[in-house]
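Me: I'm new to this one. Walk me through it, please.

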2 protein chains.
Amino acid sequence: MSDTSADIAADLRTRAAALDAADELAKLRERFTLPEGVVYLDGNSLGALPAGVAATTADVVARQWGELLIRSWDESGWWTAPERIGDKIAPLIGAAPGQVVVGDSTSVNLFKALVGGARLAAPGRTKLLVDSATFPTDGYIAQSAARLAGLTVVPVDPAQAAEAIDADTAVVLLNHVDYRSGRLHDLPALTAAARAAGAVAVWDLCHSAGALPVGLDAHEVDLAVGCTYKYLNGGPGAPAYLYIAARHQDAFESPLPGWNGHADPFAMTPAYEAARGATRGRVGTPDILSMLALEAALDAWDGVAVEAVRAKSLALTDFFLECVAAYVPQGLVESVTPAEHERRGSQVSLRTENAREVMGELIARGVIGDFRAPDVLRFGFTPLYVGFADAERAARTLGHIFG
Amino acid sequence: MSDTSADIAADLRTRAAALDAADELAKLRERFTLPEGVVYLDGNSLGALPAGVAATTADVVARQWGELLIRSWDESGWWTAPERIGDKIAPLIGAAPGQVVVGDSTSVNLFKALVGGARLAAPGRTKLLVDSATFPTDGYIAQSAARLAGLTVVPVDPAQAAEAIDADTAVVLLNHVDYRSGRLHDLPALTAAARAAGAVAVWDLCHSAGALPVGLDAHEVDLAVGCTYKYLNGGPGAPAYLYIAARHQDAFESPLPGWNGHADPFAMTPAYEAARGATRGRVGTPDILSMLALEAALDAWDGVAVEAVRAKSLALTDFFLECVAAYVPQGLVESVTPAEHERRGSQVSLRTENAREVMGELIARGVIGDFRAPDVLRFGFTPLYVGFADAERAARTLGHIFG
């Protein structure tokens, strides 16, 4: 390292320390258990472990299941967990209570939203517009939903989606933040375009919920789904959620009308009668261990405003990009994440040669991000537990690998 | 209590003690954590807590998630858990390896089996035959599957199902053991009848798996589903499983083709290509906390033959019925569970007036069964941890309530 580059590094480290010292969210890191010596920039794939989860899980297993047994469905609040936890997620995505229900995987919830959404659309519409750069499962599930609901999938670039939505469009499925590039799509404008055309807007919030304000109610989104194991830190494969806007609930017909979504499930009647509210999005028996771990995990959000998280996220990704520019020789990496704040999620994706090997080397040096085929290094910035010194170290380590 | 009835009680207690002393499975109770002083006859709703689950769950949370973080998808075997645990369940239901995959709820797996089954059937067939006494979710999901797949649901009494299956039948959905009455249906004969008519046989094993031999492969069942939280003791809402017979796997098309069922999930290609084998029954990211709790729970089955479990189950339910006849004044309860062994599952259902209140009183006295509307007291006998003294005490307590 030359004197000049040593000066640059010293400057960036000093600035990182100052930014961390001034960061009002920095103390939230105490709410998580993180391994020593690791910079964890993969919270957009699997969020870190919140401090209260271990004790909750131990209690759920030993006391609620082991001692109370079947009585816990009532006494430990198991039966009502999907709605209760949904209401705990709701403020993070700008939803009033009673519209979010937790359970099943994101893929399964997408299926409910797409088939249920098609049934909300005016009869005769034939198109299901799907984000052409979507996370794959959305596209696969959309194809299946379209086949079963008699629609045709039309891939669409979200940047051009507003013009593509027409009077023949039943449903539009878009990702709020692109999983690969980190591009943030214009949810308010695209939802408004769908509404203007009479189409149902379904948003996948996997890469935005918990990282930035979503504003589902404010922007009159129709249906939305998301996972809880990224920025919401619910744990590996934690149950996903489904948002059904209040105005659609009475008409929403799930293609997966399991007994948990019945108006009177323990009457065990042969005919299905959907429950009122978001409950009709439930299917089978909820996965209690994972669900109550998620509930405990969400305590990490107590008193945290998503707007503050967003401000820190942008500052972190700005600073990381600046450090990368300083540490990595020009031309070796290229950011595919938009520079404009209004088009950036909470990650930075760098395109490079040999990305798989580079990420392996980063992980070996204690900087955990992830690789997305064919050539992307993906770094997720989770403001609840990632700081500016982490961003500096990650960029510096990347520079060393290229040096 | 008169001298005569005191003699009868003494005799039954002596016999119970002798039966427990001679029971080779009695020592398996040590593999479970059960509350003191409770007779637990609701393992057919929520199985008891196996001893190893708490330690496994604590490790999954603290080390696998908290320390290893994203690396656990490979290093802790998370990614391959659905097939690995499926293969652990397989011998309990008579399936060779590679045909059972764990994940999602029973209701969701039913949907896969019914729509996927309809696609396996010859084109032009229009009927979906469904057990008329089915657990409700099966009927609800069948209606939805039929609507989407262009079939018509035809309710059928399983006792008459063999005659009802005809050349117009695409799929037959039956419960192996009726959840309310405990009646065991003739899986071999009904599956053969479906095969003879060219229909696809789908079995719901929720109330038989882990209680009696199922013999899926031997009887050439096509598709099957089951939960894991009853006789398999996987925990509240533990993931369910889907069995896809090897001969159907290449043609099986899931209506829920999530990215986990893709042949090359991390290639993240826009086009869906189903994985080989039971893996194509996977949908979204597996629910790891619940799934690995289930895996640990299944250790309770190490070295246990389902045939021995079945023999003890029948002896337990016989003895319970004998005790009920001795302790409960005649005419106050009526068993709706078949007396013949070949038609009995692993529960005894007693019809009585005020069944809800009677069950509440039993639970208050430490005998936990459950109530099924409108008039059934349901007692499940789980041979891994229920003994003959439990059966005697349960019947005696019931007698006291009526006395």
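Me: What does A:K230 touch?

Reply: Leaving out residues up to four places away in sequence, A:K230 touches A:G43, A:N44, A:S45, A:G47, A:C206 and A:H207. Contact here means heavy atoms within 4.5 Å.

Me: Where do these names and values come from?

Reply: This is a predicted model, where local features need pLDDT of at least 70 and side-chain atom pairs count only at pLDDT 80 or more, while totals for chains, interfaces and linings use all residues. Residues are numbered from 1 along each chain as its sequence is written, chains are lettered from A and ligands numbered from 1 in the order in which they are written, and side-chain values use heavy atoms, without hydrogens and water.

Me: Is A:K230 buried or exposed?

Reply: A:K230 counts as buried because its relative accessible area is 11%. Buried means under 20%, exposed over 50%, and partly exposed in between (1.4 Å probe, protein chains only).

Me: Where does A:K230 lie in the fold?

Reply: In a loop of chain A, between β9 (223–226) and β10 (241–244). Strands (E, at least two residues) and helices (H or I, at least four) are DSSP runs, numbered from the N terminus.

Me: What does the side chain of A:K230 reach?

Reply: The backbone oxygen of A:N44, at 3.2 Å. A polar contact is a pair of N or O atoms within 3.5 Å; within protein, one must be able to donate a hydrogen and the other to accept it, and residues adjacent in sequence count only if both atoms are side-chain atoms.

Me: New topic. How many residues of chain B contact chain A?

Reply: 74 residues of chain B are in contact with 74 of chain A.

Me: And what area is buried between them?

Reply: About 6000 Å², with 68% of it from carbon and sulfur atoms. In chain B, the residues that lose the most area to chain A are B:W65, B:Y140 and B:M268, together 13% of what that side buries. Buried area is the accessible area (1.4 Å probe) that two parts lose on being put together, summed over both.

Me: Which polar links cross the interface?

Reply: The rule finds 19 residue pairs in polar contact, both at pLDDT 80 or more. α6(B) gives the most to the side of chain B that touches chain A, with seven residues. That side divides into 45 nonpolar, 19 polar and 10 charged residues. Ala, Val, Leu, Ile, Met, Phe, Trp, Tyr, Cys and Pro count as nonpolar, Asp, Glu, Lys and Arg as charged, and the others, Gly among them, as polar.

Me: How many salt bridges cross it?

Reply: Two, by the rule. B:R147 forms a salt bridge with A:E253, with the closest N and O atoms 2.9 Å apart. A salt bridge is a side-chain nitrogen of Lys or Arg within 4 Å of a carboxyl oxygen of Asp or Glu.

Me: What about B:T57, what does that touch?

Reply: B:T57 sits in helix α2 of chain B. Setting aside residues up to four places away in sequence, B:T57 touches A:T57, A:V61 and B:A293. B:T57 counts as buried because its relative accessibility is 3%.

Me: Now salt bridges over all chains. How many?

Reply: The count comes to 42. One of them joins A:E334 and A:R351, with the closest N and O atoms 3.8 Å apart. That pair links distant parts of the chain: A:E334 in strand β11 (334–335) and A:R351 in strand β12 (347–351), 17 residues apart. A:E334, A:R351 and A:D375 are linked in a network of salt bridges.

Me: Why does A:R351 count as partly exposed?

Reply: Because its relative accessibility is 37%. A:E334 is partly exposed too, at 43%.

Me: And how about A:D370 and A:R378, how do they meet?

Reply: Their side chains meet in a salt bridge, 3.0 Å from N to O. A:D370 is buried at 8% relative accessibility, and A:R378 is buried at 1%.

Me: Last one. Which side chains does B:N175 join in polar contact?

Reply: The side chain of B:N175 meets that of B:D131 at 3.0 Å and that of B:T134 at 2.8 Å. B:N175 lies in strand β7 (169–175) of chain B and is buried, with a relative accessible area of 4%.
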